[in-house]
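Hi,

Here is the structure I promised to pass on to you.

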Amino acid sequence: MAMRTGDLDGALQAAEMADSAWAAGSPISPANWAQIRVGTGVAHLLKGNLEGTAEELTKLLTLDPGMRLTTVTRYLADLDRRLNGPRMQGSPLAVQLRQQIRDFNAAALTDDADRESP
């Protein structure tokens, strides 16, 4: 919610609270965890912290392909577009992150793959 209202600091604080709860033993939903990682990455990017975005994306890259839900891949596609913005032109890190996002999304299971017969 904080991201939707433009409250980047609130979004980062909410992510820290979720991480603390999970570290204390609260159950983790991989899809929710992934959405929070992407949202936190976007918040870092909008605050001008590309390294923070890279840190969040690095955590996300290990997510099992079966958990790469459409919501997560769409959020990542949005992050990819943001990384292609004018502020990021000429940034080798932004180029690297965009490639990682494309690779991650390409490895996601799709409904079409699920319907294929053996």
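Below is what I found in it, from the overall fold down to single residues.

A word on how to read the values: this is a predicted model, so local features need pLDDT of at least 70 and side-chain atom pairs count only at pLDDT 80 or more, while totals for chains, interfaces and linings use all residues. Residues are numbered from 1 along each chain as its sequence is written, and side-chain values use heavy atoms, with hydrogens and water left out.

The protein has six helices and zero strands, in the order α-α-α-α-α-α along the sequence. Helices here are DSSP runs of H or I with at least four residues, strands are E runs of at least two, and both are numbered from the N terminus. Of the 118 residues, 36% are buried, where buried means under 20% relative accessible area, exposed over 50% and partly exposed in between (1.4 Å probe, protein chains only). Among contacts (heavy atoms within 4.5 Å) between residues at least 6 apart in sequence, 67% join residues at least 24 apart.

The largest nonpolar core has 21 residues, and Leu50, Leu60, Leu76, Leu79 and Leu83 have the most contacts inside it. Such a core is a set of buried Ala, Val, Leu, Ile, Met, Phe, Trp, Tyr and Cys residues joined through side-chain atoms within 4.5 Å. Two or more residues each come from α1 (8–23), α2, α3, α4 and α5, with α2 giving the most, five residues. Leaving aside residues up to four places away in sequence, Leu79 touches Val42, Leu45, Thr53 and Ile101.

Helix α3 (residues 50–60) has Leu50, Gly52, Thr53, Ala54, Glu56, Leu57 and Leu60 as its buried residues. Their cover includes α2, α4 (70–83) and α5 (92–106).

His44 is worth a look too: this residue lies in helix α2 (residues 30–46) and is buried, with a relative accessible area of 17%. Beyond residues up to four places away in sequence, His44 touches Leu12, Asn49, Gly52, Thr53 and Glu56.

Finally, Arg68 lies over the face of Phe104, at 3.9 Å from the ring centre; a charge sits over a ring if NZ of Lys or CZ of Arg is within 6 Å of the ring centre and within 35 degrees of the ring normal.

Best wishes
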